[in-house]
Structures are given as structure tokens and as C-alpha cells.
Amino acid sequence: GFGNIGGPKTQEYFYQDGGLRPSFYVTFDGTNKLTYSNDNNLIGGYMRDLFISWNNDRGIGKATMNIEGRGDYYGNITLTYTIVPNDVKNLKATATYDSITLTWDKALGAGYYKLYKYDKATQNRTLIDGNITGTSYTITGLEADTEYSYIMRSAAMSTDGEDKEYTRLSGSLTVRTTPMPDSTELIKAAVIATNGNIVKMLRVD
């Protein structure tokens, strides 16, 4: 038989373009006989006396590798591992006196992103938007000269048929809105309308 099969070394791996196939090894009589680390070891799907097949290795969620013995090895063993979206990286912010715009790099494997307001004192998170499909987001209606903290999650639904969401939580980012502009620089116009006709413009400081 196989003796002992080791690997994958961890149960959770980050999604990779082109598929994720963890390394493993086979021992027999306590000696390391066979090692698989990448497709360069395979010839027509074979690694010496083993035939290896994968399922959902190019998706998100549970993936399996089936190892079938040939020649001097016999039997079947299936190893299971999990593929998750990559972390949100390079999260940055620009601020005005009443808004903050966040930008970040696309996370491999993510189908969408979740944005949370983060309270550093209590470590509580409040969801702002749970279905962001781009790599930027603007929060408006904020107080001037005020500190805000945010956390993001990369997220994707599983492709293994389980209808399960997989997410990765980023670190927090803290940014302060700018001070309110001087009243001479900030003019807000209030429009008084009657029957849809503008009748007067008021300057409001």
C-alpha cells in the first residue's frame, strides 16, 4: 500500500490564478519515497507510481486531491483542503472635510468586498456595504476634522456546490477628515422653489 501520505501542510490556501495544488509526500517503510511539489513532476498526470487528480482546485471553497496507486503502490486516498480569497492589500484613503474615499488592490479570488466601520476602543465592526464589486468606495456625510477607522473583507461564494461564503479580514485603516473650509471659501446655495420655478437664491454660511 501507500504507507503514509503527508500533506497538504495546511488546511487553508490562498486562491491562485491557474489553480492551487498543494505539495504532498508519500512514505513507505518510514522512508520518503515520492514527493509532489508542482506540475513539472508529472508526466501525463503521473508521478512515478501515482495517478493524481484534483477537484475544484481552480475555485473557492473545498478542494480535493485524489491519489491513486499504480505499479508498486495500490489503493486510493483523498486529501481535502480549502481555497480562500486573498487578503485586501494596499488599502489607502483620501479625505475631504465631509467624505473619505478608500482604494485598494484587487484581491485574487475575491468576487466582492465588504466594508466595515471599525471602533478601535471596543473593536466592534459595523457593516457599511457588503457587496462592493469595485476597488474603491466613498463614504459621505462625515464630520469635519474627525478620525474614522475602517476594515475590509475580501469575499467570494464557494464553487464547490456548498453555497458557502469565504472571507478574509484585512487590518484596520484610520484616517481623519480635513477641517471645515473657511466660510469665505464655502458657499452653500439653498433654493426656494414654488411650483418648480426657482424664485430666490440664498447664501448660507
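My entries below go from the whole chain down to single residues and pairs.

**Entry 1: the whole chain.** I noted at the start that this is a predicted model. I looked up the secondary structure and found 18 strands and zero helices in the protein chain. The chain has 205 residues, and 34% of them count as buried. Among contacts with a separation of 6 or more, 52% are between residues 24 or more positions apart.

**Entry 2: isoleucine 67.** I then looked at serine 53, which is 14 residues away from isoleucine 67 in sequence and 6.8 Å away in space, C-alpha to C-alpha.

**Entry 3: serine 170.** I located serine 170 in the loop between strand 15 (165-169) and strand 16 (173-176). Although it is in a loop, serine 170 counts as buried because its relative accessibility is 11%, and the cut-off is under 20%. What does serine 170 touch, leaving aside its neighbours within four places in sequence? I found Val88, Ile151 and Met152 in contact with serine 170.

**Entry 4: salt bridges.** I wrote myself a reminder that side chains of opposite charge can pair when their charged atoms come close. How many salt bridges does a search of the whole structure find? My search gave six.

I began with aspartate 87 and arginine 168, whose side chains meet at 2.8 Å, N to O. Aspartate 87 lies in the loop between strand 8 (76-84) and strand 9 (92-95) and arginine 168 in strand 15, so this pair ties together parts 81 residues apart in sequence. Both partners are partly exposed: aspartate 87 at 23% and arginine 168 at 24%.

Next I took glutamate 165 and lysine 114, a salt bridge at 2.9 Å, N to O. This pair links strand 15, where glutamate 165 sits, to lysine 114 in strand 11 (residues 112-119), 51 residues apart. Glutamate 165 is partly exposed at 31%, whereas lysine 114 is buried at 16%.

My last pair was glutamate 147 and lysine 120, at 3.5 Å, N to O. Glutamate 147 is partly exposed at 42%, and lysine 120 is partly exposed at 44%.

Conventions: Residues numbered from 1 in each chain as written. Predicted model: local features only at pLDDT ≥ 70, side-chain atom pairs only at ≥ 80, totals over all residues. Heavy atoms only, no water. Helix = DSSP H or I, 4+ residues; strand = E, 2+ residues; numbered from the N terminus. Buried < 20%, exposed > 50% of the residue type's maximum accessible area, 1.4 Å probe, protein only. Contact = heavy atoms within 4.5 Å. Salt bridge = Lys/Arg side-chain N within 4 Å of Asp/Glu carboxyl O.
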